[in-house]
Amino acid sequence: MNRKQQVNAAFSAASRFYEEAARAQAISAGFLADLVAELPRSACPQVLEFGCGTGLLTRKLHPRLGGDWLVTDLSPAMLETAESALPGPRYQVLDAEDPHVDQRFDLIVSNLAAQWFADLPAAAAKLAGLLTPSGHLVFSTLGEDSFREWRQAHDACGVACGVPRFPSAATLASGLPHARVVEQTFRLDYADGRAFAAELKRIGAGTPAPGHRPLGVASMRRVFQALGSPCAMTYHVAHVIISRE
Ligand SMILES: C[S@@+](CC[C@H](N)C(=O)[O-])C[C@H]1O[C@@H](n2cnc3c(N)ncnc32)[C@H](O)[C@@H]1O
């Protein structure tokens, strides 16, 4: 399996219970929905959502904006769950890094899917190419400070951390032409490091950074000890707004 197939399989396996554990995604989706609602828009916008998952953002934004929606994800199982929660929009499997869609959109939105892209600037350029002349591409992705405590615990134990490196807001802004980046930072509480790792796995986000070799039981135990219990974890979300005009 290549990495994209691994990501797809992990999210597909998580689709049924995703929302019971997706606390951070729900917080980020609410923030993103408010940002999108402030943008100028037409009365009946053509909207593309990518990486919809079970539809957390879809259900927050679709009733606020109306319009004609094409809701997409890499994972067919995620799409099925999303469609059963909100019938009405069109649902379609789509790899947003290779978005072959024969349509133009006034708005393209996504919550916390883009951190899974192999090449974010290339994907953003392709997606922006699907916008109408006054359209907006708005998506959130994880920023560099995410999981700071988890990385620090690994550093303290001298072992490699499996969580991928995420870009700073400045790197995102310089790598994505015409992008405005709005940062959101919050912390979630966990009983211990084991509970944090279990939550990532439960939402399907356990696929490690490319090339990472899983730690042994003893090393993992040292990391959990270094983290302490209870513990808190930082989520740093970068909300990116790219407007064609
Ligand atoms: C963390 S979930 C976020 C789901 C949803 N947007 C939310 O806010 O709950 C990430 C989603 O991105 C999807 N995804 C990952 N890579 C993708 C890609 N290249 N194209 C489309 N979707 C992708 C996954 O299948 C998964 O459903």
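Select Gly158 to begin: this residue sits just after helix 7 and takes a positive phi of about 70 degrees. Residues are numbered from 1 along each chain as its sequence is written. The model is a predicted one, in which local features need pLDDT of at least 70 and side-chain atom pairs count only at pLDDT 80 or more, while totals for chains, interfaces and linings use all residues.

Next, select helix 7, residues 148–157, bearing in mind that helices (H or I, at least four residues) and strands (E, at least two) are DSSP runs numbered from the N terminus. Its buried residues are Trp150, Ala153 and His154, where buried stands for 20 or more other C-beta atoms within 10 Å of a residue's own, with C-beta atoms placed from the backbone. Seen down the axis of helix 7, these buried residues fall within an arc of 100 degrees, so they line one face of the helix; the arc is taken from the directions from the helix axis to the C-beta atoms.

Select Leu70 and you will find Arg90 of strand 3 standing opposite.

Finally, turn to the ligand, around which there are 24 residues, with Phe11, Gly51, Gly53, Asn111 and Ala113 coming nearest.

Methods. Buried ≥ 20, exposed ≤ 12 C-beta atoms within 10 Å, placed from the backbone. Near = placed C-beta within 6 Å. Pairing = 2+ DSSP bridges.
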